[in-house]
Amino acid sequence: MAIAIPIPVRRRRTITRRLPAMLALVPAAIAVVVVYLGCMLWTVRLSFTSSKLLPTLDFVGLEQYERLLGNARFLISVQNVVIFGALFLIGCLVLGFLLAVFIDQRVRVEGTLRTIYLYPHAMSFIVTGLVWQWFLNPTLGLQKLVQDAGWQSFTFDWLVNKQMVVYTLVIAGVWQFVGLIMAILLAGLRGVEEDLWKAARVDGIPTWRVYVSIVLPILRPMVITSTVLLAIAVVKVYDLVVAMTNGGPGTSSEMPAKFVMDHLFERANVGLAMACATFMLITVIAVLAPWLYSQYGPRARRRPA
Amino acid sequence: MTAAEPAGRRPRHVTWGRIGVYAFLLASALFFLLPLWIMLLTSVKTMDEIRLGNILALPADPTFQPWIAAWSEACTGLACDGIQVGFWNSVRILIPSVILSILIGALNGYALSFWRVRGAEVLFAVLLIGAFIPYQVFLYPLVRLFSVFGIYNSLTGIVIVHIVFGMPIMTLLFRNFYSSLPRELFNAARIDGGGFATIFLRVMLPMSTPMLIVAVILQVTGIWNDFILGLTFAGRENLPMTVQLNNIVNSVQGERAYNVDMAATVLTALVPLVVYFASGRWFVRGIAAGAVKG
């Protein structure tokens with residue numbers, strides 16, 4: 001039945017007809033207006049106040065932001081989120097791409113391997129954090145394991161080492177997220193034409209060269225989507241830190257998301273917390289805007305959402 | 001779209017390259033399985049064995065005592081009722097949150113796909129962008145707002161929060177699905193005199209089974225694994241399992257019972273893992289569709 005039958009609808013009746021649809025969208029409208037827009041603007045507004053335990057509505061200009069930039073704990077948080085973010089992104093993309101390529105070599109038990117690579121993503125960051133905290137525990141975990149095996153001088157105390165603790169978060173984060181990236185990139189690899197491989201074989205181009213020079217550019221959209229997903233996950237990182245290190249030792253693994261929570265609910269410094277939240281918001285917008293523009297902007301090719 | 005066959009070259013015989021491929025894949029599989037293995041082993045060992053033995057070794061004297069202790073005796077602060085309290089709290093949060101968020105998502109998707117409502121597209125765009133914004137940006141005003149309405153620290157509060165923050169992905173999921181259905185279907189139903197609710201309940205919803213499965217998988221794992229929202233909005237009486245787990249493990253004074261900790265961790269991971277292993281390819285579909293949620 002390919003023929004669409006136009007329904008004649010009289011204008012004054014359309015409003016009553018569409019009323020139920022409008023009513024159905026009321027919860028969405030409330031969520032958007034009150035939470036997504038209202039609460040966000042309120043947060044930004046509060047970042048310009050001197051609010052401590054309770055919100056006030058005075059205006060102190062950029063005072064909270066100045067305080068934020070002079071706050072050692074915040075500066076550590078930013079440094080950590082940059083280190084964590086860079087390594088987490090590179091780790092997930094490189095390992096995820098390698099896993100996708102290797103699993104795409106017509107291997108046996110592909111389904112089982114995929115299941116194994118992806119299962120960490122089904123679990124909570126709290127679970128991931130606690131498991132890795134236990135495994136990397138210097139007294140009873142990996143360090144002891146290697147020492148007991150005969151290598152007495154082996155040390156792996158990153159979890160309690162101020163300089164190295166952020167790298168343990170990278171390990172756990174990659175462990176949890178890389179399966180997702182593999183799944184996204186694998187879907188892209190499966191979309192590469194078989195003819196491309198035939199042509200490359202005829203021309204005698206080495207396989208690795210085809211992957212780097214031809215396949216990778218084809219996978220560009222998937223790589224970009226993965227990067228955006230990972231970048232957003234970096235800004236959000238909170239549960240993992242709380243479970244694995246709780247910001248420690250000392251303040252050496254603090255993160256901005258945790259800074260906000262601590263200053264809101266423990267340190268009763270709402271203004272400063274809201275300044276940090278606004279800072280996170282700006283970071284996300286900076287990541288999101290170019291991507292949204294390239295996907296849905298005027299120059300983007302129309303494609304089904 | 002996705003082809004069913006792998007795209008790589010077809011292997012002709014065993015070469016060093018093939019061995020390398022398998023070596024890499026197996027080494028990676030070990031890396032992913034190791035924490036699960038350690039978690040399970042530790043949870044059935046005695047503390048003596050944990051202190052003296054090898055973290056990878058099979059238990060000499062397997063015991064389920066840590067599991068029992070984790071379930072019904074482990075302490076969070078002053079209360080020592082085990083993680084079962086958190087389990088039941090999570091169940092009480094999960095059921096209404098999953099049902100309501102899926103229902104609202106389906107309704108939104110349906111209204112957006114078939115009923116031209118003024119401003120609906122703008123609503124949808126803001127919702128989608130909102131999905132990317134960290135919770136910290138909304139949390140504090142939301143706490144104040146909920147206090148005013150008297151639903152801060154309550155089951156109602158946390159369910160509303162899950163509905164609101166699940167709305168972007170649920171709406172996206174159903175909107176994409178309903179948009180892919182032929183428009184004639186809707187027109188035919190209109191000609192037969194169907195109104196908004198009738199068409200939704202008798203035509204659309206019965207066709208939505210695949211999306212409903214994906215939505216249930218997404219929401220069950222997502223809401224079960226949530227930590228920050230439960231911590232902030234549920235209140236002392238309703239803390240979900242993830243929050244209780246973290247309290248049990250990380251706020252203990254004195255010597256830590258690692259076997260009990262790991263048993264509690266396994267118990268918390270169990271629900272999403274069962275969903276994951278039981279749903280197989282559906283889970284991959286779900287996260288591919290829900291990738292926005294990050």
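At what angle do the axes of helix H4 (residues 84–114) of chain B and helix H12 (residues 241–250) of chain B cross? In this predicted model, the two axes cross at roughly 160° and come within 7 Å. Because angles over 145 degrees count as roughly antiparallel, H4(B) and H12(B) are described as roughly antiparallel to each other, and H4(B) passes H12(B) in a right-handed crossing. On the H4(B) side the contact involves Val85(B), Gly86(B), Phe87(B), Asn89(B) and Ser90(B), which meet Met241(B), Val243(B), Gln244(B) and Leu245(B) of H12(B).

Phe124(B), Leu127(B), Leu128(B) and Gly130(B) of H5(B) make the contact with Met167(B), Pro168(B), Thr171(B), Leu172(B) and Arg175(B) of H7(B). The contact of H5(B) with H7(B) has six nonpolar residues, two polar residues and one charged residue.

Between the chains, the contact takes 86 residues from chain A and 83 residues from chain B. Helix H2 (residues 26–46) of chain A supplies twelve residues, the largest share of the side of chain A that touches chain B. The residues on that side of chain A comprise 69 nonpolar, nine polar and eight charged.

Note on methods. Residues numbered from 1 in each chain as written. Chains lettered and ligands numbered in written order. Predicted model: local features only at pLDDT ≥ 70, side-chain atom pairs only at ≥ 80, totals over all residues. Contact = placed C-beta atoms within 7 Å. Helix = DSSP H or I, 4+ residues; strand = E, 2+ residues; numbered from the N terminus. Nonpolar A, V, L, I, M, F, W, Y, C, P; charged D, E, K, R; others polar. Axes fitted to C-alpha atoms, helices over the stretch in contact; angles between N-to-C directions. Parallel < 35°, antiparallel > 145°, perpendicular 65-115°, else oblique. Left-handed = near helix turned anticlockwise from the far one by under 90°.
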